[in-house]
Amino acid sequence: MTETISVLVNGKKITSEVEPRLLLSDYLREKLDLTGTHLGCEHGVCGACTILVNGRTVRSCLMLAVQVDGCEVDTVESLTEGDGMLSPLQQAFADNHALQCGFCTPGFLMTITGFLENNPDPNDEEIKQAISGNLCRCTGYTNILKAVKQVSKSRKLKEVVKE
Amino acid sequence: MTFTGKNIKRKEDYRLLSGNSQFVADMQEPGMAEALFVRSEHAHAKLNKIDISKAENMGGVYSVIIAEHFNGEVDQLPPHSEFTLPQNLIDEINPIIQPCPEDILAKDRVIYVGQPIAIIVADNRYIAEDAAELIEIEYESLPSITDPYKAMEQDVDIIHEQMSSNIQAQFDLSTGNYDQALKDSDNVLKERIKTPRVAANPIETRGILSTYDSRNGKLQVWSSTQVTFMVRKYISKLLGLVEHNVRVVAPDVGGGFGSKCAVYPEEIIIPYLSMKLDRPVRWIEDRMEHLLSTRQSRDQTHDVKVSYNNDGTITGIQDYFVLDNGAYNPLVLTCSYNTAAHLRGVYDIPNFVIGGNCVVTNKAPTIAYRGAGRPEAVFVMDRIIHLVATSLELDPVEVMMKNMIKPEQLPYDSGLIYRDGEKVIYDSGDYPDGLKQALELANYDKFRKEQKKVKSDGSYVGIGISSYVEGTGIGPHEGAIVRLDSSGHVMAFVGSAPHGQSHETTLSQICADEFGLDPEKVTVKAGDTDLIPYGVGTFASRGAVTAGNAVHVASKKLQEKLLAIAGEILEISPSDLEMNDGKVFPRAMQNKYVTLEDLALAAKPGPKCKVPEGMEPGVEATHYFVPPTVTYSSGYHVAIVEVDEETGFVDILKYYVVHDAGKVLNPKIVDGQIQGGVAQGIGAALYEELVYDDNGQLLTGTYMDYLIPTAMEIPDVEMDHQEFLSTRNPMGVKGVGEGGTISPPAAITNAVCDALNPLDIKLNDLPISPSKLRQRIKVAKTS
Ligand code: FES
Ligand code: FES
């Protein structure tokens, strides 16, 4: 048994036949070859599989592909700009050595992308809380915190210049 | 301009940030099938019957196999890994080692929960999981042994039939005269100190993909491993293949921390299946499997007896300890001997007796985890320091200083032999000065003054210190091939493959320095057994020392050859030439030059070859760096904590580290290793434990029960450095990968005890969970 779903993935409309039980994470990784979204636990704790569905962060290992029928889905592959340039957030990660093995990184990037949309000027505690649902075994988190601060600061600067 | 020592941005980052990285699970091959392991639900049971017929007949299933299907075709995993002992060490410590080889799949008996019994190969994992439901296994439950002390008793069942007892490995060693020290000392202290079983838990689980090309007999295996060459060796050996026909590649690897530093049964059987079924087969471990069956670590219990004088001088230590191996122990004495060799750390304690028992029980097998026996040793030693200080009503710093090895004693001979057969001689450092630096960083004296006031106001704040010395950069070797390609680009190939340690960046810095090139113009490749004939791997804080120096020397060799070729072309003595920015020119006449590209061309064999007589054509140099023995890093950790008396929750207010890693190649990367290491150490101190019940069932099989620290729990580590160059390699580097993880359990535990003082609370076991601590506070208050 399969069902047809139609999804806007990273801005591109895609129609697929999927089994109702197919996990969203497996759909993205195995069917669409968008392997940037990683799986670390498949039970909703590590956050490595975090993506945006209609602009909100979700764990793709806890959703089924059929649930995103008609939705907008954004994965880590959407972050780099058209010319392949890193986005300010990605650049901030590189600048602050906020990744080592890089396996948890896509999940962090998507969590933070969603978070900064809602809270563009967070304080340290808010940032920590926001990323506390993502596990990283390599970095010890503080460089990730620094990276988030760098982007939110530069965003603020941009706004000041604009005004 | 030199690049080593500078914060060069990481070369690895772009692909990892953009989603273009390639981990094993990201790879698919045409026609690929997926494998699933059916694992034991019992810790100890006979397998009376396994019925796979229904599963076999399910649509989408290619094959279901159990042990009898490959009898005679696939050998058992050998009883011990590469890490065997040199003869002089054997003579010294008289080890007893009983071999316990490991079956790839359980045959007629299972001995731990999670042991693989059957494999299903199907179109995808969903189908394989359906099929797994259809396999019927008839277990006959047997009594399981989960307590290593019970396992050592006389009349108990022996888990491995071929062994004469459950003590799989044992050794004893001593230096000085402990008994005499005991007689001559003012005091003696007896304690049991324990570090629990934990798991490394890289966020990427294990994974293997294997393809077989029957036309040329070539087996290609991608594995999330730290030791590609070891995996290749065992695949070729156990499957009976020509080693050259086996290629093992570790693509991007999402952390390992020791858990991927072994050859696993899955790494043998997946390649076997891809050959047997003549199609690509992939297996990706899930987190539950990881917690159940990936090798675990640290499970040690120490019974220590310490003699000391009233002035705080520790005169002797006697320690008998037990390491609970679980079902198998492929690393044999690696972790236990590391514990013994490192226990006294920075301290000059002349009389020392230590004996270790490695015991088999019905739990998952164990391996080395970041620090490999050293966090255990340091926890014991630093608890001793704290307990001695408490009993004498001295400040722990006083006891530390009193017993510490003085700078003028270096190089310091500790009287033991290292695992590689060489004497344990600390090469360089200044330990008291390192401690002083750490105390200044933490503002120790000021804290002590303020602590009194804060405590009298009813808050429980405390400070704890830990120190370590770590043998890093163990051999036997690691190599590098440095080559100029025909476009003048420099390539460096190494055998030790990274899983987060930034080899591509740091090794290119080393290489770039020799050629006067920007590191951008150097490409480093690792993690592929086809790149270089011999390799060992990335573990035990050895990458920078072994691979780093191999790249350094190979680059130098190639640079000399390039100058010689340029000398032929420019008709000038090579000693008058200089190399910079991709060009070689006479020192006196910088506008007359040849480029690296010219040199690559001139080195080709043939009539136009300009390679000086006596040298081989080509522009390539190889060097295998063979360290004389390990080099000793050291460090000091200071933790300031606050304990909530009501909840038993420990809040880390501040954390400080001073460390010596010899020459620093890239400060940001070194600091990153320390910060990340400390986070893992904090996990071990406060949160992490694999809990088994008496039947050998794992109770912490998900991330809801096995707690890994998050951003909320990890403070920003303030750091300072010492830079005592190692005398044992040309670059003067020491390893830094594990140092961060070694000390936090001891520093934090000491800080918690200090915070609760004068309550008599003994924390000689980990983790310090809120419920445990609350309970102990209650008991201490009522007694
Ligand atoms: S993989 Fe989805 S939360 Fe861990
Ligand atoms: S960088 Fe390795 S898990 Fe986060």
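This text walks through the contact between chains A and B, then turns to one residue of chain B. The model is predicted.

Start with the interface. Chain A brings 51 residues to the contact, and chain B brings 55 residues. Together the two chains bury about 4,300 Å². Of that area, 56% lies on carbon and sulfur atoms.

Six salt bridges are counted between chain A and chain B. A:Asp95 pairs with B:Lys9 in a salt bridge, and their closest N and O atoms sit 3.0 Å apart.

Look next at the helices on the chain A side. At least two residues each come from α1 (24-31), α2 (88-95), α3 (105-118), α4 (124-131) and α5 (142-162) of chain A. The largest share is that of α2(A), with five residues. Sorted by class, the side of chain A that touches chain B holds 21 nonpolar, 19 polar and eleven charged residues.

Turn to chain B and B:Ala492. This residue belongs to strand β21, which spans residues 490-494 of chain B. B:Ala492 counts as buried because its relative accessibility is 0%, and the cut-off for buried is under 20%. Leaving aside residues up to four places away in sequence, B:Ala492 touches B:Ile481 and B:Val482, and also B:Thr523, B:Val524 and B:Lys525. B:Leu531 gives a further reference point. B:Ala492 and B:Leu531 are separated by 39 residues in sequence, and their C-alpha atoms are 9.5 Å apart in space.

How values were computed. Residues are numbered from 1 along each chain as its sequence is written. Chains are lettered from A and ligands numbered from 1 in the order in which they are written. This is a predicted model: local features need pLDDT of at least 70, side-chain atom pairs count only at pLDDT 80 or more; totals for chains, interfaces and linings use all residues. Side-chain values use heavy atoms; hydrogens and water are left out. Helices (H or I, at least four residues) and strands (E, at least two) are DSSP runs, numbered from the N terminus. Buried means under 20% relative accessible area, exposed over 50%, partly exposed in between (1.4 Å probe, protein chains only). Contact means heavy atoms within 4.5 Å. Buried area is the accessible area (1.4 Å probe) that two parts lose on being put together, summed over both. A salt bridge is a side-chain nitrogen of Lys or Arg within 4 Å of a carboxyl oxygen of Asp or Glu. Ala, Val, Leu, Ile, Met, Phe, Trp, Tyr, Cys and Pro count as nonpolar, Asp, Glu, Lys and Arg as charged, and the others, Gly among them, as polar.
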